[in-house]
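I opened this notebook to keep track of what I looked up, one topic to an entry.

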Amino acid sequence: MRRFPVWWVLVPLLFLLGSAAMAVLMPPYENPDELRHFSYAVYWEAKLERNHSLAHIARIYSRQERYQTPLYYLSLAPAIWLTGYRGPLDFPHIDPDFRCEPQPPGQTIHRRYQPLQGKNQIAGARAMYAMRAASVLWGMAAVLLGMALFWELSRGDTALTLAASAIWSLNPRWLETCSSVSNDVAATALAALVLLLLARTLRADRPPTMARAALLGGLCALAAYSKMNAAGLAGVAAGALFLGGRTYGLPWSRCLALAATAALCTMALLVPWLVRNYSQFGDALLLNRALWEPYVATRAVTMYPWDFFREEFGGFRWSYYAVYGQFALIMPRTAYRILDTALLVTGLLGLIFWIRQLWRSPDMRERLVQSLAPAWLLLAFAAFLSYNSGIMASQGRLIFPAGLAIAFLQAGGLMLLAPRAWQKTAAWSLVLILLAWDYYIIKDVMWQAFQYLPI
């Protein structure tokens, strides 16, 4: 396999510039649930310092985020230490005229919170900006690991890797998520790491070992400790190890042992968190809808998948790419017709690309490698549908830990349209198109809506 091209540093650099611009441009707490995530990070930092009064108040402000696993929030502790923030928690008031009714720039009130007032609010905002910087670093890790994964899945195909990296890294909604306080970025980075190691394990000259299975199980647990919807990675890992072991000619018992080791390591590491949930909330998996009702909108009637696709799939797919702020800022509506056409075309082409990859694979092991991304996407989407069935949560960002799979399939489908000699040119054209889209979002959507300068 050829060396990783040095000039691919351009895509991470563009990601860094775009996410940094959005982190500066977006007013404090205006990203989805950012105030809650901020408060939960303060809660964990206060627990580390045994500041019980601050921890108690921060836990109240964090509301539904207190159900989240702690890894991402603990990673923000250095940002809080560096700013010297120790409370008191003081947040701007909600604008009483604000409505979560998405409109293009200037057609509604886009800011949920009123401007900062007083030194306490300014100190908190500075700590929040430091947390945003830490999130950008998590996002950079996700971008780099995603590029390595695309390189591995494509067997060193320069054009395909570049195209997938652009679709993944320069999605403006992903940039906004990375520039906010959100645990989605940590879950995404660790999901990319698990898939990368799985692909390399299945392509190794020797069959997977019990140590490798335990390592993968541990990484799956780590991903779940960043966000619980990443726990499904353990199913992908266990299935891949079992089927992969058979392709190496291992006996059934050994294959079962590999799969069980990965799954049990994940579960064993998650036991402390599940015990904590049961002792505090009476529900280890937090599936009781009554736990969420005080904080989020719950459904009176269960939403089944066919209802979701009929009623909410449009908003879900739009919010994966192009709904910003507190769900009150969108592009002009004509742009979404173009976006829907692009999604339909790339979705169909991506399915054809995957089938083609399976058909052209020389053996079952390679078919397993090519199926890792789609398998994770299906599991992540199934987990989302289960969550969304009882809680109103049709937000595209919730599927970001599997966004790498979407980007790879879309890029592979688009590359089918270009002759081999023109694929690098097509990939670079895609980079330019996405860069122009990001520039448009930053300049003509976000700036026009907020016209905000940082502290």
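The entries below follow the order in which I looked things up.

**Entry 1: the model.** I note at the start that this is a predicted model, and I read every value below as computed from it.

**Entry 2: helix 7.** I began with helix 7, which covers residues 158-169 and so has twelve residues. From its first C-alpha to its last it reaches 16 Å, close to the 16 Å expected at 1.5 Å a residue. How many of its residues are buried? I found that twelve of its twelve residues are, and the helix is mostly covered. Among the buried residues are Thr158, Thr161, Ser165 and Ser169, as well as Leu160, Leu162, Ile167 and Trp168.

**Entry 3: helix 6 against helix 7.** I then looked at how helix 6 (118-153) meets helix 7, and found that their axes come within 9 Å and cross at roughly 150°. Because angles over 145 degrees count as roughly antiparallel, I record helix 6 and helix 7 as roughly antiparallel to each other. Their crossing is right-handed. On the side of helix 6 the contact is made by Ala142, Val143, Met147, Phe150 and Trp151, which meet Thr158, Thr161, Ala164, Ser165, Trp168 and Ser169 in helix 7. Sorted by class, this contact has seven nonpolar and four polar residues, with no charged residues.

**Entry 4: helix 9 against helix 17.** For the next pair I took helix 9 (residues 184-203) and helix 17 (residues 364-388), which pack at an angle of about 165° with their axes 9 Å apart. Helix 9 and helix 17 are therefore roughly antiparallel to each other, and helix 9 passes helix 17 in a right-handed crossing. Which residues meet here? From helix 9 I listed Ala191, Leu195, Leu198, Ala199, Leu202 and Arg203, and from helix 17 Arg365, Glu366, Leu368, Val369, Gln370, Leu372 and Trp376. The residues of this contact divide into nine nonpolar, one polar and three charged.

**Entry 5: a cis peptide bond.** Turning to the backbone, I found that glycine 87 and proline 88 are joined by a cis peptide bond, with omega at about -5°. Proline 88 is found in the loop between helix 5 (77-83) and helix 6 (118-153).

**Entry 6: glutamate 101.** The loop between helix 5 and helix 6 is also the place of glutamate 101, whose relative accessible area of 49% makes it partly exposed. Leaving out residues up to four places away in sequence, I found that glutamate 101 touches Thr108, Phe327 and Ala328. I also looked up its separation from aspartate 283, which is 182 residues away along the chain, and the two C-alpha atoms are separated by 34 Å.

Entry 7: Tyrosine 29 lies in the loop between helix 1 (10-25) and helix 2 (34-48). Is its side buried or exposed? At 0% relative accessibility, tyrosine 29 counts as buried. I noted leucine 286 as well, which is not a glycine and has a positive phi of about 55°. Its place is in the loop between helix 12 (252-281) and helix 13 (289-292), and leucine 286 counts as buried because its relative accessibility is 9%, with the cut-off for buried being under 20%.

How values were computed:
Residues numbered from 1 in each chain as written. Predicted model: local features only at pLDDT ≥ 70, side-chain atom pairs only at ≥ 80, totals over all residues. Heavy atoms only, no water. Axes fitted to C-alpha atoms, helices over the stretch in contact; angles between N-to-C directions. Helix = DSSP H or I, 4+ residues; strand = E, 2+ residues; numbered from the N terminus. Parallel < 35°, antiparallel > 145°, perpendicular 65-115°, else oblique. Left-handed = near helix turned anticlockwise from the far one by under 90°. Contact = heavy atoms within 4.5 Å. Nonpolar A, V, L, I, M, F, W, Y, C, P; charged D, E, K, R; others polar. Buried < 20%, exposed > 50% of the residue type's maximum accessible area, 1.4 Å probe, protein only. Expected span 1.5 Å × (residues − 1).
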